[in-house]
Structures are given as structure tokens and as C-alpha cells.
Amino acid sequence: MHFALSEDQRILQQTIDEVSAQLFADSPVGNARADGGALRAKLWSKLVELDLVGLLVPEHQGGAGGSLTDACVVAEALGRHIAPVPYVGTAIAAAALLRFAGGPGESLAALCRGEAYSVLLGGQLEDPVATATVAFDWVDGAQGVALSPDGLATVHDLVDVDPITDVDPLHRLCRVRPVPAGAASSEGARRARAAAWTGAAAFLTGLADGALRQALDYARQREQYDRPIGSFQAVKHLCADMLFDVETCRSITYGASWAAEHAPIDEAERVASAAKCYTGAAAIRVCETGIQVLGGIGVTQEHDAHLRLRSAHLHHAAFGNLDAPLMLLAGRVLDKA
Amino acid sequence: MDLRDSPKEARFRARLCAWLKENLPTDPEPTVLAERWPYMREFQQRLYRSGWVALSYPKEVGGQGLGPMEEAILSEELGKANAPSLLPLGHLGRPLLSYGTDEQRRRYLPPLLASDEIWCQGFSEPQAGSDLASLRTRAVREGDEWVLNGHKIWTSYAAFADFCLLLARTDPDAVRHRGISAFIVPLSTPGVTVRPIVLANGDEEFAEIFLDDVRIPEANMLGRPADGWRIAMDVVNYERGAVETGYLPKFERYLSELAAVVKTQTSTPDRAILRALGEAAAALEVLRMHCLRTLSDRVSGAPPGPESSIDKLLMTAVEQKLMALSLSLLTDTTAPGRAEWFDRYLYGRAGSIYGGSAQIQRNILAERLLGLPRSPG
């Protein structure tokens, strides 16, 4: 047993941190709300250039032949920077569906080259049962990917695309003409769902980690009563709680990143479920606490803390919010008792 | 990342499971500590004689010369097999191993590891709880003896123990933690009085120790003078690790007991109950993965440090979540087991107090891991 990132994975982490920091220093994340998709496109093409969009896809299918853990390293680092790219939706959820649930090979290869694919969900961003109606993390011109009623990942041309004004302006949702869909029952489809849950968990972990770092910077430098606010226990304990959440999110997320790909399917689903529901709640809590530490500036448009909290809510809701994973876990516990 | 057993780990696990199949006690674990203690001790002695305890201690002191990985497998399989709990004292051999002289290790470690002699740790005092460095128990040198006077409290299992690893102030002029030394105190020494503290659930796990002109030989100091603080911090870091103390299997057992309760109540539990069960199961997965991560760090040679405060907070959070779940499930006053679960719930409140309160753990995280400035005062 070995639970730690490899040297390569640490370098990967560093690369994304550097690329994002540089990009967002020139153009703050908040610009992505109204730049016609320019910032998103710029970062996405950088990720394609670094061969990181096809990490989940084997080389002979046009991908980079990485692991889900590699993809989670990228997703976490992107989350840290509130990156406005569809990495979880496209590079993890859609790619996993296409790969594990028998999707068309040419689409999988095109996805790795950076072509736009959105994963299709239900109206509450749950995994669709009969019809899929919402394109998640939509990009202009994207095709949709959903599990068909016969259990195969299927690509759809999207029509009647109608943008939804939702909580997170950095990851767009669009209503689309409903396409027929089926619930995950084959092992491949279940594994794809576990990968999507884990990918979302990684992004949520990154969002939380970024909130902690911002809060810490501020708590060290902001002075009241002639001392840094970070020297007061009331503020320290908020920061310690954030650290606790971030580190436990990391433990379950990276555990799931291995299990979802390699463990027997029941265990894969169990760990991925725990990752999704735990990190969803924790990331929201951490982003909220981060705003509390920042004080007034944290609730302005000027600061990106609200964008972070918005992204946390969206990714918490995605793929069945808390409920789908919690029901799966409860079922398992009852079966065993 | 690779969460599978290595071939060597898999062989160890298979041998252990085979042994457990043949050797588990058939009578149920008593719920009252006074009866549970001899039951646990007897099973642990049997484990030890067959080579399943003290796995990560060197062979020459009675261990098996294996590593933390095997300890974790042991803890996991004991839990799966519904085996009796281990005595939560494995971490007390650590300071003897790291700081003991050859003679101390030879004399004390083998019987400690075999559970033939029971140890306890005398750290807290009535006036020195969270602020442990302010402890007042004094050790004064007289000829070739140390004379101890003071009062210890919250000492786990002192009523069952033969020896106490005790902190006392040897240099009243040195600042706080610099004047503290560690001693090996036989509890049979004249002048020692042990008085059990009855916990809210009726258990007598904790006790007070009164030291009244207790004379122990010079050779009973552990480490050098003023090593006491360092030794204590090592002990608490081990004590805080879930890997070392085997909480995981206990909590897993609680969860499956609670799931069984749900099944006796209804065949179609409502959504709120399912959510609560799911949340407890998720919390256990988080604890399991966090333990694996900590364990992996330990295997690669990193000793436990301030991040063990995260482990401690996590253990407490999981325990208290399970207890909250039990309260929400056992609302019927006539439900069997309701009073026992309430006692467990009461005991669960201690988790965020002992071994460094949850507030102290947060201070440690904020100051030592996040580098925030020290608080005033």
C-alpha cells in the first residue's frame, strides 16, 4: 500500500499552479464572466497543448494514458485557481463515460484534441434517468454525451440550446432539447459515474484549498487592535477548521482517485460516493468560512471569493448532489448489516 | 498511489485471518469496564503469545520487527472479525523504545508488550490540563533517589496499571516546559494512592494519582533531565493517530450495529434516516482513507508531527457523528439497547477533551502547521 502523489504528479500540480497563476495575473478569473469565452478558451488550449485533457484516455485511443489520480491532480489545481474551464465535466465526466461505457472512439479522440463535449445531466444536475435536459459546463458549439437507455455512451448534436442563468457564471449550464438517457447499471457506466464523482471532489478540494490560502494571507497581514487578526484564537480556529476540511478532503479524494479506477466496482463506488458528498459539503463550508475571515471585501464583486463559493455550490450539485452518493452508501451499509 | 496489499502484506493478512478464525473468544465482550478489562487483557495476551501484538517493535524487546503497515492490517482485521478491542496502550512503549536505556528497555518493554505489566501515563494535573507545561508535581533528588510529590488526574486505566510514565518538575527555576523530566513510577511504591474517577457512563477508565513522598530509584528517570516535554509530545502524537489506537474497527462495528437497528425498525427507512446512515458511512470512509494516508507517511519513515491533530479531530468528529446518529435512530424509549447507546454517546463527549482538547488541537494546527502568530497571553 502506498498513499502519496508521485514526483511526476507533484510536478504536474506545480505546472497547473504556475500556468494558472500567470494567466490569471494578466486577466483575473472574474473577467471570464463577460469576455465571450476568451479566458476559458485560452486556458483550455493550454491544457490541450500540455496533453492534459486526454489524461483519462489510453494512448491508443488518442489520449495521454494517465490515471484518474493524474486527472484529479489537475482538477484540484484548477479548482484552487477557480479556473473557468470544463475540466471536470469534459476531461473527466464525459471522457470517462465515453471510455468506460463504450462510446464512439472518434469522439473520444476528438475530446482529447480539445473539441467541445458537454456531459448531459437532468434538471437538478443529477445523473439522468429517462431524459437528459441540461448540458453541464457548456462551451459554444459543444456536442453532448449521455448514457443511452441501452447503456452505451452516446454523442448527441445539441439543439434548442438555451443558456440558464444559474449560480456559477464560470461554468455555464444550457437547457437542451431532451435526449433519451439511461441509468448507470453496467460496470463501465458505474465506473464512469465514480470517476465523475471523484473528479468533482478533486475540483471541490482545490476550491477549498484556495479559500484557505486566501484567508491565511489576509489573516497574517490584516491588523486590528494593533495585531494581525490571525493572532486571535477566534480567527485561528476558523483557519484550523478550514485546514482540517481541506486535508480530509484530500485524503478521501485521492483515496477515491485510486479506488474508482482500480478497485472492484462496489468498493470503487463506495469510496467515490464518500468523496463526492464529503467534499461537496466541506468545500461550501470552507468557502463560506474563507469569506468570514476576509470580512467585508469577501462579499464584494471586486474579490473573487464569491466566484469560488459559486463554483463550490455548482460542483456540489453536479452528478446528484449529496443525495445520490448518500443513498448508495446507506444501501451498502444496510445490505451488510 | 496504490492501495492494494503488497504480496508480503497480503501473506501477512492471510496468516492473521487464518489465526483469528481459530482463536476468537466465543463469549461476548462484557460492556462494563471492570469485566471487560480482564477479557480484553486475556485476548491480548493470547494474541501476543502467537506473535500478533507489538508487531512494529524490534524483536529484541519482544516485538515482531515488522512495521506500521502490519499494525494497521492487524487493527483492520480485528475489526472485521469482531474481535475484542485491543488495550489502548500500544503507544506507551514508544517512549521507552526511543528514550530508554538498554537496561530499561530490557526490563520494561517485554512485559509491557505482553500485557503482563500494564502502564498508564501521568501527565495532566488538576491545575495543568490544556496548559500541561504548567504542571506542579515535583521530583527532588535525595541521594540516589527521586522523591515525588504531587497530584495527577485523568490518568487512563491507572486503576488497572502497574507502572506510570509520569511527568514531574525537576528544575523549578527553568521556564515551564524546560524544567520537566519523565519518570517510571511503580504504582506499588509506598506513598502512591490511586483513586478511580467514575465517568458519566459509569466506567472507571480514568483515575487520579496522589504522590506523597514517593521514593523511586535514580535509575527510574526516562531520558535525561528536562527531556520530559519532548517525551510527552512524542507520546501524544502517537496517541492522536488513529492507526496506532485502532479506533477505525470500533467505529465500523458501531455503524453496522446501527444499521442492524434500522433494519429491525423498518424495511423501508425514510430518506432522513438513509441520509444520516450515508453520512456516517461517508465519514468512516474519510477516516479510513485519512488513516491510510497517515500510515503511508509513517511507512516512508516520517514520525508523527503536528498534523496528528487532524487525525485526532477527525476521530472525534466521526465518533460524535456516529453517536448523534444513534440518538436519532433510538428515539423509542422501549427500544432495546437505547440506554447502552446513550452511555456510548456520553463517553463520546470525552473524545474532544482528552489527549488535548479540540481547541488545543486547533491552536496546534493554526500555529504549527499554518504558521499563524501566537496568541496574546
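Reader: Where does Asp51(A) sit?
Author: Asp51(A) is in the loop between helix H2 (38-49) and helix H3 (68-80) of chain A. This is a predicted model, by the way.

Reader: And what's its backbone doing, what's phi for Asp51(A)?
Author: Phi of Asp51(A) is near 65 degrees, which is a positive value in a residue other than glycine.

Reader: How many C-beta neighbours does Asp51(A) have inside 10 Å?
Author: There are 13 of them, so Asp51(A) counts as partly exposed. The cut-off for exposed is 12 or fewer.

Reader: Chain B next. Which residue there has a positive phi although it is not a glycine?
Author: Ala226(B) is one, with phi at about 70 degrees. Ala226(B) lies in the loop between strand S8 (221-222) and helix H6 (228-240) of chain B.

Reader: Why is Ala226(B) called partly exposed?
Author: Because Ala226(B) has 17 other C-beta atoms within 10 Å, and buried takes 20 or more.

Reader: OK, Val32(B). Buried or exposed?
Author: Exposed, since Val32(B) has 10 other C-beta atoms within 10 Å. Val32(B) is found in the loop between helix H1 (7-23) and helix H2 (33-49) of chain B.

Reader: Let's zoom out. How many helices and strands are in chain B?
Author: Chain B has twelve helices and eight strands. The radius of gyration of chain B is 21 Å, close to the 21 Å that the globule rule gives for 377 residues, so chain B is as compact as a globular protein of that length. The C-alpha atoms of chain B fill a box of roughly 75 × 45 × 45 Å along the principal axes.

Reader: What share of chain B is buried?
Author: Buried residues are 46% of the 377 in chain B. Looking at contacts in chain B between residues at least 6 apart in sequence, 72% join residues at least 24 apart.

Reader: What does UniProt say about residues 120-214 of chain B?
Author: An unreviewed UniProt entry places "domain: Acyl-CoA oxidase/dehydrogenase middle" there. In the model, residues 120-214 of chain B are 0% helix and 52% strand, and the end C-alpha atoms are 17 Å apart.

Reader: And what does UniProt put at residues 8-114 of chain B?
Author: That one is "domain: Acyl-CoA dehydrogenase/oxidase N-terminal", again from an unreviewed entry. Residues 8-114 of chain B come out as 61% helix and 0% strand, with 25 Å between the end C-alpha atoms.

Reader: Over to chain A, then. How many helices and strands?
Author: Ten helices and eight strands in chain A. A compact globule with 337 residues would have a radius of gyration near 20 Å, and chain A agrees with that at 19 Å. The box filled by the C-alpha atoms of chain A is roughly 65 × 55 × 40 Å. Buried residues make up 58% of the 337 in chain A.

Reader: How many residues of chain A are in contact with chain B?
Author: 43 residues of chain A, and they meet 41 residues of chain B. Helices H6 (187-221), H7 (233-262), H8 (265-294) and H10 (323-336) of chain A each supply at least two residues to the side that touches chain B. H7(A) gives the largest share of that side, 16 residues. By class, the side of chain A that touches chain B has 26 nonpolar, eleven polar and six charged residues.

Reader: Which residues touch the most other members of the largest nonpolar core?
Author: Val74(A), Ile92(A), Leu97(A), Ala208(A), Cys239(A) and Phe183(B), in a core of 235 residues. H6(A) gives the most to this core, with 19 residues. As a general point, nonpolar side chains tend to be buried together in soluble globular proteins.

Reader: What does Ile92(A) touch?
Author: Leaving out residues up to four places away in sequence, Ile92(A) touches Leu56(A), Ala71(A), Ala75(A), Tyr87(A), Ala195(A), Ala196(A) and Gly199(A).

Technical notes. Residues are numbered from 1 along each chain as its sequence is written. Chains are lettered from A and ligands numbered from 1 in the order in which they are written. This is a predicted model: local features need pLDDT of at least 70, side-chain atom pairs count only at pLDDT 80 or more; totals for chains, interfaces and linings use all residues. Helices (H or I, at least four residues) and strands (E, at least two) are DSSP runs, numbered from the N terminus. The radius of gyration is taken over C-alpha atoms; the globule rule is 2.2 Å times the number of residues to the power 0.38. Two residues are in contact if their C-beta atoms, placed from the backbone, lie within 7 Å. Ala, Val, Leu, Ile, Met, Phe, Trp, Tyr, Cys and Pro count as nonpolar, Asp, Glu, Lys and Arg as charged, and the others, Gly among them, as polar. UniProt positions are given in the numbering used here, feature names are shortened, and annotations may be inferred rather than shown by experiment. A nonpolar core is a set of buried Ala, Val, Leu, Ile, Met, Phe, Trp, Tyr and Cys residues joined through C-beta atoms within 7 Å.
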